[in-house]
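Hi,

Here is the structure I promised to pass on to you. Have a look at it first, and then read on for what turned up.

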Amino acid sequence: PRLIYVTGILNQPAAIPVPRDRELSVMRVVAAAGGLVDFLEPEEATLWRRLNDGRQVRVKLNLDDIRTGKGQDTALRAGDILDVPHTLTSRFRQWVSENVRIGP
């Protein structure tokens, strides 16, 4: 199957279908997975890709730079895995949002 797998702190992590002979950008794939969880504001993602010779490579992508146009919106292709991992800050923000109530 022609899929890009998106995991991590997105609203709807999923396997995103890729049309034949097409690539999808990082931000298009993130949008197809429901977007980033707003209040967590992840700063980076990891792209895992298997090369033609069978090796698997891992590349860190700066989501802040891509979102603001400072960085290139990398083209993803079928078989890629894009992971938007938690950071210490995002885990803290999530814990606060789930456990701390302010007001009446």
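Below is what was found, going from the whole chain to single residues.

Please keep in mind that this is a predicted model.

**The chain as a whole**

The protein chain has 3 helices and 7 strands, and along the sequence they come in the order β-β-β-α-β-β-α-β-β-α. Its C-alpha atoms fill a box of roughly 55 × 25 × 25 Å along the principal axes. Of the 104 residues, 28% are buried. The accessible surface comes to about 6,900 Å², with 50% of that belonging to carbon and sulfur atoms. If you count contacts with a separation of 6 or more, 55% of them join residues 24 or more positions apart.

**How the strands pair**

Which strands does strand 7 pair with, and in what sense? With strand 1 (residues 3-8) the pairing is parallel, over 4 bridges, and with strand 4 it is antiparallel, over 3 bridges. To find these pairings on screen, look for Val-84 as the bridge partner of Gly-8 and for Ile-81 as the bridge partner of Trp-48.

Asp-21 sits in the loop between strand 2 (14-17) and strand 3 (24-25), and it counts as exposed because its relative accessibility is 74%.

A search of the whole structure finds 4 salt bridges.

Are the two partners buried or exposed? Asp-80 is buried, with a relative accessible area of 1%, and Arg-49 is buried too, at 15%. The cut-off for buried is under 20%, so both values fall below it.

A polar atom of its side chain lies 2.9 Å from the backbone nitrogen of Arg-77. Apart from its neighbours within four places in sequence, Asp-80 is in contact with Leu-3, Ile-4, Tyr-5, Leu-47, Trp-48 and Arg-49.

Arg-55 forms one with Asp-53, the closest N and O atoms being 2.8 Å apart; Asp-53 counts as exposed, at 54% relative accessibility. Asp-64 and Arg-67 meet in another, at 2.3 Å from N to O. Because they are 3 residues apart in helix 2 (residues 63-68), about one helical turn separates them. Asp-64 is partly exposed at 30% relative accessibility, and so is Arg-67 at 37%.

Leu-40 lies in the loop between helix 1 (26-32) and strand 4 (44-50). With 3% relative accessibility, Leu-40 counts as buried. What is Leu-40 in contact with, leaving aside its neighbours within four places in sequence? Its contacts are Ile-9, His-86, Ser-90, Arg-93 and Gln-94. For a sense of scale, Leu-40 and Glu-98 are 58 residues apart in sequence, while their C-alpha atoms are 12 Å apart in space.

Phe-92 lies in helix 3, residues 88-99, and counts as exposed at 55% relative accessibility. Together with Trp-95, Val-100 and Ile-102, Phe-92 makes a nonpolar surface patch of about 510 Å².

Methods: Residues are numbered from 1 along each chain as its sequence is written. This is a predicted model: local features need pLDDT of at least 70, side-chain atom pairs count only at pLDDT 80 or more; totals for chains, interfaces and linings use all residues. Side-chain values use heavy atoms; hydrogens and water are left out. Helices (H or I, at least four residues) and strands (E, at least two) are DSSP runs, numbered from the N terminus. Buried means under 20% relative accessible area, exposed over 50%, partly exposed in between (1.4 Å probe, protein chains only). Contact means heavy atoms within 4.5 Å. Two strands pair if DSSP finds at least two bridges between them. A polar contact is a pair of N or O atoms within 3.5 Å; within protein, one must be able to donate a hydrogen and the other to accept it, and residues adjacent in sequence count only if both atoms are side-chain atoms. Patches are made of residues with over 30% relative accessible area and no salt bridge: like charges are joined within 9 Å, nonpolar side chains (Val, Leu, Ile, Met, Phe, Trp, Tyr) within 5 Å. Accessible areas come from the Shrake-Rupley method with a 1.4 Å probe; for residues, only the protein chains shown count as cover. A salt bridge is a side-chain nitrogen of Lys or Arg within 4 Å of a carboxyl oxygen of Asp or Glu.
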